[in-house]
Amino acid sequence: MPPISTPAQLFDRTRLLIRARHYSCRTEKAYLGWIRRFIAFHGRRHPGDLGSREVVDFLSRLAVDGHVSASTQNQAFSALLFLYRTVLGRELTGLEATRAKPPQRLPVVLSRSEVTDVLARLKGAPRLMALLMYGGGLRLLEAASLRVKDVDFDRSELTVRDGKGRKDRVTILPGRTAERLRAHLERVRGLHQADLKAGAGAVQLPDALARKYPTAMFEWPWQWVFPARRSYVDPETGCRRRHHLHESVVQRAFREAVRTAGLSKAATCHTLRHSFATHLLESGYDIRTIQELLGHSDVATTMIYTHVLNRGGRGVRSPLDTLG
């Protein structure tokens, strides 16, 4: 590769290497953002002229002055490690001590009645997405990026494509959502047909599928289950597309539902996934089954839900409750 002499070349090379490794768009945006902040922190000096000491100074300042969380500091660490190891081809020493140890926190879990109260206050697509998140243990982005072909009504299954860690998995399509989802897809199909008549109707396809199957982006199976209200023009191809519903739409609706339900818990959309796992454990399902449905690589990750069962600390009965 040619030498990197300008910031533009540095960012172009970084972007190219990130995409070559099939990292997500979010990772690309986060890494480039941290690299920009690192360069600005050191007076716009080229990273090639900097080293381990400057990296440690930057990460330490984030923690001391910026009061960032451990996960945020570690994301910045990973971005700079990628910059030096992969982009610049340099190994930095003495950095491991700067990795922050994230606190071990128990997830927020809603009771069944609290879930009912929150769901009752949601409407439209955010309500249906929340039903799938709670009913199938989906993450918010997994629910938003469902495609029509990922829904199997006959088997009552949802296929999650390219989930966290770039893994596919199969989870539950709740029976109580089937008819509601069918009706929703009929409306979406009508919207798609109207888009096709208007010369649009395309969606973004993963990896190189758009080149391999040029017409697939217009086909019904590849359409988003939850499309955005507005279409956009792809600046690279000039094709008019429709993206999936943005996660912030659901987050705002869920936050308002939690507020109006009068809950004191700091519940978010992800709380529905935690509640799904905990309520399955309460119902007697084994931990391995729940691990598979959630898509956890390590059962130890799933085991955290055994600590938040609705039976007190570790399911132990207090001796106070046994006194006569």
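Two strands pair if DSSP finds at least two bridges between them. That rule applies here to strands β4 and β5, which pair in the antiparallel sense over four bridges. The model is predicted. This briefing covers that hairpin, a cavity and one glycine.

**The hairpin of β4 and β5**
- Strand β4 spans residues 227-233, and strand β5 spans residues 240-244.
- Six residues lie between the two strands of the hairpin.
- In this hairpin, Gly238 takes a positive phi near 75°.
- Ser231 has Arg242, in β5, as its bridge partner.

**The cavity**
- Rolling a probe the size of a water molecule over the atoms shows where empty space is left.
- The structure holds one cavity of 30 Å³ or more.
- The volume of the largest cavity is about 60 Å³.
- Its lining is made up of Val188, Leu191, His192, Asp195, Val203, Gln223, Trp224, Pro227 and Arg242.
- By type, five of the lining residues are nonpolar, two are polar and two are charged.
- Helix α8 (residues 178-197) gives the most to this lining, with four residues.

**Gly136**
- Gly136 belongs to helix α6, which covers residues 124-136.
- Is Gly136 buried or exposed? Gly136 counts as buried because its relative accessible area is 0%, and buried means under 20%.
- Leaving aside neighbours within four places in sequence, the contacts of Gly136 are Leu131, Thr171, Ile172, Pro174 and Phe276.
- Gly136 and Gly295 are 159 residues apart along the chain, and their C-alpha atoms are separated by 11 Å.

Note on methods
Residues are numbered from 1 along each chain as its sequence is written. This is a predicted model: local features need pLDDT of at least 70, side-chain atom pairs count only at pLDDT 80 or more; totals for chains, interfaces and linings use all residues. Side-chain values use heavy atoms; hydrogens and water are left out. Buried means under 20% relative accessible area, exposed over 50%, partly exposed in between (1.4 Å probe, protein chains only). Contact means heavy atoms within 4.5 Å. On a 1 Å grid over the protein atoms alone, a cavity is a set of points where a 1.4 Å probe fits but cannot get out, and a pocket is an open set with protein on both sides within 12 Å along at least five of seven lines; lining residues have an atom within 4 Å of a point. Grid points are joined across faces, edges and corners, and a volume is the space filled by probe spheres set on the points. Ala, Val, Leu, Ile, Met, Phe, Trp, Tyr, Cys and Pro count as nonpolar, Asp, Glu, Lys and Arg as charged, and the others, Gly among them, as polar.
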